[in-house]
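Please work through the following exercises with the sequence and the structure at hand, trying each task before reading its solution.

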Amino acid sequence: MEKYRIDPSKGLEFGLYTLGDHIPNPLTGERISAEQRIHEIIELAKLAEQAGIDFISVGESHQEYFTTQAHSVVLAAIAQATEKIKLASSSTIISTSDPVRVYEDFATIDLISRGRAEIIAGRASRVGLFDLLGYNLRDYEELYEEKFELLVKINKEKVVNWSGEFRAPLKNAEVIPRPQNGSMPIWRAVGGPPASAIKAGYAGVPMFLATLGGPASSFSYSIEAYREAARQSGFDPSELPVSTAGFFYVAETTQQAQKEYYPFINEGMKVTNGRGYPKQQFAQGADKRDVMNIGSPQQIIEKILYQHEVFGHQRYIGQMDFGGVPFDKLMKNIELIGTEILPAIKKYTATN
Amino acid sequence: MKIVGLSGSKVGSKTRTAMNYVVQTLSEKYPDTDVTLIDLAEYDIPFSDGRNYLEYEGDAGYVTKTMMEADVIIIGTPVFQASIPATLKNIFDLLPEQAFLNKVVSMLVTAGSPKHYLIAEQQLKPIITYMKAQIVQSYVFIEEKDFYLKEIINDDVLFRIGRLVEDTVVLKNTFSEIRKAKEAEYGF
């Protein structure tokens with residue numbers, strides 16, 4: 001775990017993530033400028049740090065209604081604006097990028113932030129960027145596997161010799177600058193089904209699991225499959241951190257939290273994904289056994305502790321800014337996280 | 001209420017002929033409804049390559065978006081080789097999982113032989129169920145002999161189309177009421 005800069009004795013890490021979506025507020029129909037949205041993300045990171053939140057990450061998405069395509073640039077700004085909070089991508093679409101350039105960028109962010117940067121590498125849930133960036137969608141899986149492997153190799157080896165199908169070979173290549181400690185945490189981003197989790201296990205790399213909604217027990221299959229696959233490939237699962245990511249919203253009462261966040265999730269899903277979020281499933285999300293962390297502070301504390309029991313994970317990150325949630329609501333969320341949720345989670349999960 | 005009539009084949013004229021009757025009946029009996037007829041013979045749509053439907057351009061983008069925006073879809077299909085045509089199956093493949101959640105879907109089938117009567121029951125309904133539609137259980141099955149020069153010449157078929165249209169609109173209205181009442185209970 002130390003290699004991944006995680007100390008489990010300090011308890012479950014709590015973080016926030018944004019996909020950098022840029023969606024009109026459904027209640028007013030108005031959309032803030034891209035400039036304002038980016039500044040609010042940087043401001044959010046500063047507030048999160050002040051509240052004691054461990055981690056913040058920014059996603060890369062090239063489709064309409066998003067604004068952090070150059071997510072590493074935004075992360076560099078956050079690195080400069082903060083001092084303690086860990087920084088990462090959520091995720092970097094490694095399939096359509098050059099791993100050398102990605103590594104150079106994030107190693108630089110690691111140096112700017114003095115050792116706080118991490119990469120979470122995914123393969124895109126939407127595929128418009130394949131056309132935009134000049135890749136063939138038919139190579140979807142091969143691109144991801146090859147480039148992810150190269151990224152991990154660059155992280156491990158100072159001098160890289162490599163050849164593959166989708167990039168010019170590297171001969172005695174030194175990819176510099178190096179991160180502060182010579183290497184940095186690189187996670188594999190995984191969607192719901194176990195098939196994808198198993199591949200992270202085979203590679204022996206830490207796993208970020210997206211869990212939007214549904215019972216925690218369903219997602220625990222993926223985590224178990226990941227650990228088993230790692231074990232079979234000769235890795236020690238107890239050395240491999242797992243993180244989960246999903247919707248988060250806190251208000252005074254669970255009813256209020258649902259009422260406030262639902263229109264943003266529903267309308268946001270409609271414009272970005274083509275389908276709203278079914279009310280019935282959202283309503284079930286309040287149940288302690290559901291992974292959706294939307295509710296009162298007490299309800300969320302119970303949910304996160306329950307998830308910790310089921311998953312045995314090292315980090316949870318929440319998405320609370322989806323769909324154009326106004327900044328004052330995000331500030332209120334951060335306040336409740338800092339004053340009520342974090343202290344309880346740390347108290348019950350820290351071992352020292 | 002947005003209704004889409006989907007004529008699911010590029011071959012022949014019977015399904016389209018029958019769908020014309022469906023659209024006509026709808027506009028006569030329910031003039032307030034907003035009806036769009038999509039005849040797949042008039043569109044050039046590639047096979048699904050797995051992308052989100054919002055990412056398709058041209059005809060595929062138009063057809064999928066129109067269907068996703070509909071409250072009601074009335075599917076017309078012929079039977080080829082004892083199955084639904086590939087053109088129709090492709091439309092389902094282009095749409096996301098659960099694409100028909102909270103939509104009412106009903107069916108009309110044309111066929112050259114009465115032996116094909118259960119094809120819709122055994123092959124079409126399972127797909128529509130998987131995609132989470134509220135299904136109108138009875139469908140209209142029309143044979144070759146019921147058509148002459150692109151018209152339906154069997155009054156019984158016309159009566160059955162009238163009942164299909166009525167059942168579809170009634171189910172939509174009923175389901176909307178039930179759903180509204182249920183969602184009001186959630187309080188958000």
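**Exercise 1.** Decide how the radius of gyration of chain B relates to the value for a compact globule.

*Solution.* Start from the length of the chain in this predicted model: with 188 residues, a compact globule would have a radius of gyration near 16 Å. Chain B itself has 16 Å, so the value agrees with that of a compact globule. Next, look at the extent of the C-alpha trace of chain B, which spans about 55 × 35 × 30 Å along its principal axes. Finally, turn to burial, where 35% of the 188 residues of chain B count as buried.

**Exercise 2.** Work out how many helices and strands chain B has, and in what order they run.

*Solution.* Counting by type gives five helices and eight strands in chain B. Reading from the N terminus on, the order is β-α-β-α-β-α-β-α-β-β-β-β-α. As for the contacts in chain B between residues at least 6 apart in sequence, 79% of them join residues at least 24 apart.

**Exercise 3.** Find which residues touch the most other members of the largest nonpolar core.

*Solution.* This core has 98 residues, and those touching the most other members are A:Ile56, A:Leu151 and A:Leu209. Helix H5 of chain A, residues 140–156, supplies the largest share of this core, namely seven residues. Taking A:Ile56 and setting aside its neighbours within four places in sequence, one finds contacts with residues including A:Gly15, A:Tyr17, A:Ala48, A:Ile78 and A:Leu87. A second, separate core holds 48 residues, among them B:Ile91, B:Ile119, B:Ala133 and B:Ile161.

Note on methods. Residues are numbered from 1 along each chain as its sequence is written. Chains are lettered from A and ligands numbered from 1 in the order in which they are written. This is a predicted model: local features need pLDDT of at least 70, side-chain atom pairs count only at pLDDT 80 or more; totals for chains, interfaces and linings use all residues. A nonpolar core is a set of buried Ala, Val, Leu, Ile, Met, Phe, Trp, Tyr and Cys residues joined through C-beta atoms within 7 Å. A residue is buried if 20 or more other C-beta atoms lie within 10 Å of its own, exposed if 12 or fewer, and partly exposed in between; C-beta atoms are placed from the backbone. Helices (H or I, at least four residues) and strands (E, at least two) are DSSP runs, numbered from the N terminus. Two residues are in contact if their C-beta atoms, placed from the backbone, lie within 7 Å. The radius of gyration is taken over C-alpha atoms; the globule rule is 2.2 Å times the number of residues to the power 0.38.
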